[in-house]
Amino acid sequence: MAGAFCVGRRNAIYPSAAPPGGKISEPRINERIHANEVRLVGPAGEQVGIVRLEDALRLAREADLDLVEVAPMARPPVAKLMDYGKFKYEAAQKARESRRNQTNTVIKEMKLRPKIDSHDYETKKGHVVRFLKAGDKVKITIMFRGREQSRPELGFNLLKKLADDVVEDGFVESAPKQDGRNMLMVLSPTKKKSEARVDAEANKQARMAERAAAAEAERSAEAEHRASHQAPTQTKKRRGPADNMDPDIDL
């Protein structure tokens, strides 16, 4: 194939033509490199020096590796001998692991009324604690209706009480403020989301271990119960002719 170069264990063919628009998202590889000479870096990072492009390509073929342009703006460009397929795979793995460990901030919302009863308050406080333990922020909204708007201290006191009740799991990031008919406050978790995820997994494993231990104890108790109520089997003595004789008769 004209304008292409086949190299490496994978027999991969890298086209030398740039994609439409002329922008190449990946580094130039093998015959896609346009320079007449390159500053060559070996597979272990050793400096080989400035060599002609055809010599660098020959070294790549002999080592069953790819020639990758790592610094195209240098004069001359810097190219490295590497297994480009393996390099891309490891880079993708690192990016995937980074996304997995990335902290995604989620804001939950909980709405309350100024004159909420104690049972509803405890229920909603439990939800807030659960959100905070999961590493999520919580926006608390106090909704005023009618004449309640003339008593903003009711909402303020309720928000302060809630912040004090969840102080072990969260802190006030945004102090209470009036927003029309509502009063808002934002709570942030004391633990990062990654830490909360680790704690949640540890708690899950602990609960599973406790359930397994309880099930094993129940099976053992049931087996002991069956054994204690099982009647012992007694062997009967076979009767012979002497068993029918009168014991008072002298032989």
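How many residues of strand E10 (residues 182-189) are buried? Seven of the eight are buried (under 20% relative accessible area, with exposed set at over 50% and partly exposed in between, for a 1.4 Å probe and protein chains only), so strand E10 is largely enclosed by the rest of the structure. The model is predicted: local features need pLDDT of at least 70, side-chain atom pairs count only at pLDDT 80 or more, and totals for chains, interfaces and linings use all residues. Residues are numbered from 1 along each chain as its sequence is written, and side-chain values use heavy atoms, with hydrogens and water left out.

Helices (H or I, at least four residues) and strands (E, at least two) are DSSP runs numbered from the N terminus. Strands of a sheet pair through backbone hydrogen bonds, either parallel or antiparallel. Two strands are taken as paired if DSSP finds at least two bridges between them.

Strand E10 belongs to an open sheet of four strands in the order E7-E8-E10-E9, with mixed pairing. Strand E7 (107-112) and strand E9 are the edge strands, each pairing on one side only. The twist averages 20° from one strand to the next; axes are lines fitted to C-alpha atoms, for helices over the stretch in contact (heavy atoms within 4.5 Å), and angles run from 0 to 180 degrees between N-to-C directions.

Strand E8 (residues 137-143) runs antiparallel to E10 and is joined to it by six bridges; here isoleucine 142 has methionine 183 as its bridge partner. Strand E9 (residues 170-179) also pairs with E10 in the antiparallel sense, over seven bridges. Serine 174 is bridged to valine 186 in E10, and aspartate 179 stands opposite asparagine 182. E9 and E10 form a hairpin with two residues between them, and glycine 180 in the turn has a positive phi of about 65°.

Two helices lie across E7, E8, E9 and E10: helix H3 (residues 118-133) runs at about 170° to E7, and helix H4 (residues 152-165) at about 10° to E10.

Another open sheet has four strands in the order E4-E3-E6-E5, again with mixed pairing. Strand E4 (47-52) and strand E5 (66-71) stand at the edges with a single partner strand each, so one side of each is left without a neighbour in the sheet. Helix H1 (residues 53-62) lies across E3, E4, E5 and E6, at about 125° to E4. Leu53, Ala56, Leu57 and Ala60 of H1 are buried.
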